Amino acid sequence: LTGGLRWTDDSKSFTEIPSWTIVVGKGYPVTGIVDQQWNEWTGRFVANWTPKLDFTDQSLFYASYSRGYKGGGANPTGVIPIEEQGVKIESPSNYTHPLTFAPEFINAYELGTKNMLLDGALTLNGDVFYYDYKDYQISEIVDRTAVNLNFNATVKGAELESTWEPIPGLRFNFAGGYE
């Protein structure tokens, strides 16, 4: 059995300065300050088992659970409305992205096995996994800048890999995955 814990104390500060805007004689206007803070416990737990099996030279079976975290943050400030010949023109970014984005969390589950057979001539490894994301961070380009958005997501799949060396110097490899 293996386990571990991690404590994260995360803080960020961001000065809001609108894009494409300059006030003659005053420079770029500061429209606000965004202060963010998160405190999170994350960790990992793994159970390994190496039974003595008649049909393998050596086998390892494992199960793991991990909880991960990635801090949130602030997106670039949208464009302040400008006027062109008395007509107010606004950027689409004022309507399409939030000023901040949330931290990302993942609960990751995995089951697998690693095996050596035929007096070491064959290895056969496989696993299945399931990742459950809360507030997964995705970047999108808006108004020529990257904006982070949050979405919930799941990823699941399986992997299989094998190496067979029937005679010294002749090796066959196979690796495949499904996600």
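Rings of Phe, Tyr and Trp (its six-membered ring) count as a pair if their centres lie within 6.5 Å, and a pair is stacked with planes under 30 degrees apart, edge-to-face over 60 and tilted for the rest. The legends below describe a predicted model, in which local features need pLDDT of at least 70, side-chain atom pairs count only at pLDDT 80 or more, and totals for chains, interfaces and linings use all residues. Residues are numbered from 1 along each chain as its sequence is written, and side-chain values use heavy atoms, with hydrogens and water left out.

**View 1. Aromatic pair Tyr69 and Phe105**. The whole structure holds 8 aromatic pairs. Tyr69 and Phe105 form a tilted one, at 5.6 Å centre to centre and 45° between the planes. Tyr69 lies in strand E3 (residues 58-70) and Phe105 in strand E8 (residues 104-117), so the pair ties together parts that are 36 residues apart in sequence. Strands are DSSP runs of E with at least two residues and helices are runs of H or I with at least four, numbered from the N terminus. Tyr69 is buried at 18% relative accessibility, and Phe105 is buried at 10%. Buried means under 20% relative accessible area, exposed over 50% and partly exposed in between (1.4 Å probe, protein chains only).

**View 2. Aromatic pair Trp164 and Phe172**. The two rings are stacked, with 5.7 Å centre to centre and 25° between the planes. Trp164 is partly exposed, with a relative accessible area of 38%; Phe172 is also partly exposed, with 43%.

**View 3. The cluster of Tyr65, Tyr109 and Tyr130**. Ring pairs link these three residues.

**View 4. Asn75 and its surroundings**. Asn75 sits in the loop between strand E4 (73-74) and strand E5 (82-84). Its relative accessible area is 0%, so Asn75 is buried. The side chain of Asn75 reaches the backbone nitrogen of Asn148 at 2.6 Å. Beyond neighbours within four places in sequence, residues in contact with Asn75 (heavy atoms within 4.5 Å) include Phe14, His97, Phe101 and Val147.

**View 5. The open sheet**. 7 strands are arranged in the order E1-E2-E3-E8-E9-E10-E11, with antiparallel pairing. Strands E1 (2-16) and E11 (170-178) are at the edges with a single partner strand each, so one side of each has no neighbour in the sheet. Two strands pair if DSSP finds at least two bridges between them. Strand E9 (residues 122-142) and strand E10 (residues 145-167) are antiparallel and joined by 19 bridges. Glu140 has Val147 of E10 as its bridge partner.

Terms used. Polar contact = N/O pair within 3.5 Å; in protein donor to acceptor, adjacent residues only side chain to side chain.
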